[in-house]
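The following note sets out points for a colleague reviewing the model. Please read each point alongside the coordinates.

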Amino acid sequence: MEPTMPLLIVDAANVVGSRPDGWWRDRAGATARLRDSLTPVAAAGLPPELPPPIEVVLVVEGRARDVPGTAGVRVVAASGSGDDAVVDLVAAAPQRRRLVVTADRELRERVTAQGAEVHGPRWLRDRVTPPAQSH
């Protein structure tokens, strides 16, 4: 990716878990729906805060670790802690604008200490359209 392209890193477990919508019955499915809602963001951005193009990275762990990426969303399966994977991604791109989506207080502190911006799950939900669910 272009070194000046903004980087949006989404803590999948935290964002999925922020809504009591039954995600616990199908963690991988809920994570795939989140990924699908993020797919258009790479090209469209999240105006006005984040104009396109942007790199979108979804950090997955646990039962959702096998969710694959898409053309617009790179999925990173955490080998250990999802929080550590997010911090590693932030640290690996010090020259880029980095936005992290999480409500985890400790993770927020760790990434802001490295210069990343942090937004909560509601900020993201208010800016993306969830894909239609099939039942």
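With which residues is Gly120 in contact, leaving aside its neighbours within four places in sequence?

1. **Basis of the note.** This is a predicted model, in which local features need pLDDT of at least 70 and side-chain atom pairs count only at pLDDT 80 or more, while totals for chains, interfaces and linings use all residues. Residues are numbered from 1 along each chain as its sequence is written, and side-chain values use heavy atoms, with hydrogens and water left out.

2. **Gly120.** The residues in contact with Gly120 (contact means heavy atoms within 4.5 Å) are Val101, Thr102 and Arg108, once neighbours within four places in sequence are set aside. Gly120 is found in the loop between β5 (117-119) and α6 (121-125).

3. **Overall arrangement.** The protein has 6 helices and 5 strands; helices (H or I, at least four residues) and strands (E, at least two) are DSSP runs, numbered from the N terminus. Their order along the sequence is β-α-α-α-β-β-α-β-α-β-α. Of the 135 residues, 46% count as buried, where buried means under 20% relative accessible area, exposed over 50%, and partly exposed in between (1.4 Å probe, protein chains only). Among contacts with a separation of 6 or more, 59% are between residues 24 or more positions apart.

4. Helix α4 is mostly covered, with 7 of its 10 residues buried. The buried residues of α4 are Gly82, Asp83, Ala85, Val86, Val87, Leu89 and Val90. Their cover includes β1 (7-11), β2, β3 (74-77), β4 (98-101) and α5.

5. **Packing of α4 with α5.** The axes of α4 (residues 82-91) and α5 (residues 105-112) come within 10 Å and cross at roughly 15°; axes are lines fitted to C-alpha atoms, for helices over the stretch in contact, and angles run from 0 to 180 degrees between N-to-C directions. The crossing angle therefore makes α4 roughly parallel to α5, given that angles under 35 degrees count as roughly parallel, over 145 as roughly antiparallel, 65 to 115 as roughly perpendicular and the rest as oblique. The crossing of α4 past α5 is right-handed; by convention, a crossing is left-handed if the near helix is turned anticlockwise from the far one by less than a right angle, and right-handed if clockwise. Asp83, Asp84, Val86, Val87 and Val90 of α4 meet Leu107, Arg110 and Val111 of α5. This contact comprises 5 nonpolar, no polar and 3 charged residues, with Ala, Val, Leu, Ile, Met, Phe, Trp, Tyr, Cys and Pro counted as nonpolar, Asp, Glu, Lys and Arg as charged, and the others, Gly among them, as polar.

6. **Leu38.** Leu38 lies in helix α2 (residues 27-38). Leu38 counts as buried because its relative accessible area is 0%. Not counting residues up to four places away in sequence, Leu38 touches Val10, Val56, Leu58, Val73, Leu124 and Val128. For one of these, Leu58, which is 20 residues away along the chain, the C-alpha separation from Leu38 is 8.8 Å.

7. **Two polar side-chain pairs.** Glu55 belongs to strand β2 (residues 55-60) and counts as buried because its relative accessibility is 6%. The side chain of Glu55 makes a polar contact of 2.9 Å with the side chain of Arg96; a polar contact is a pair of N or O atoms within 3.5 Å, and within protein one must be able to donate a hydrogen and the other to accept it, while residues adjacent in sequence count only if both atoms are side-chain atoms. Trp123, in helix α6, counts as buried because its relative accessibility is 12%. The side chains of Trp123 and Glu49 are joined by a polar contact of 3.5 Å. Apart from residues up to four places away in sequence, Trp123 touches Leu8, Leu46, Glu49, Leu99 and Val101.

8. **Cis peptide bonds.** Most peptide bonds are trans. The bond from Pro47 to Pro48 is cis, with omega near 0°, and the bond joining Pro52 and Pro53 is cis with omega about -10°. Pro48 is found in the loop between α3 (41-44) and β2, and Pro53 is placed in the loop between α3 and β2.
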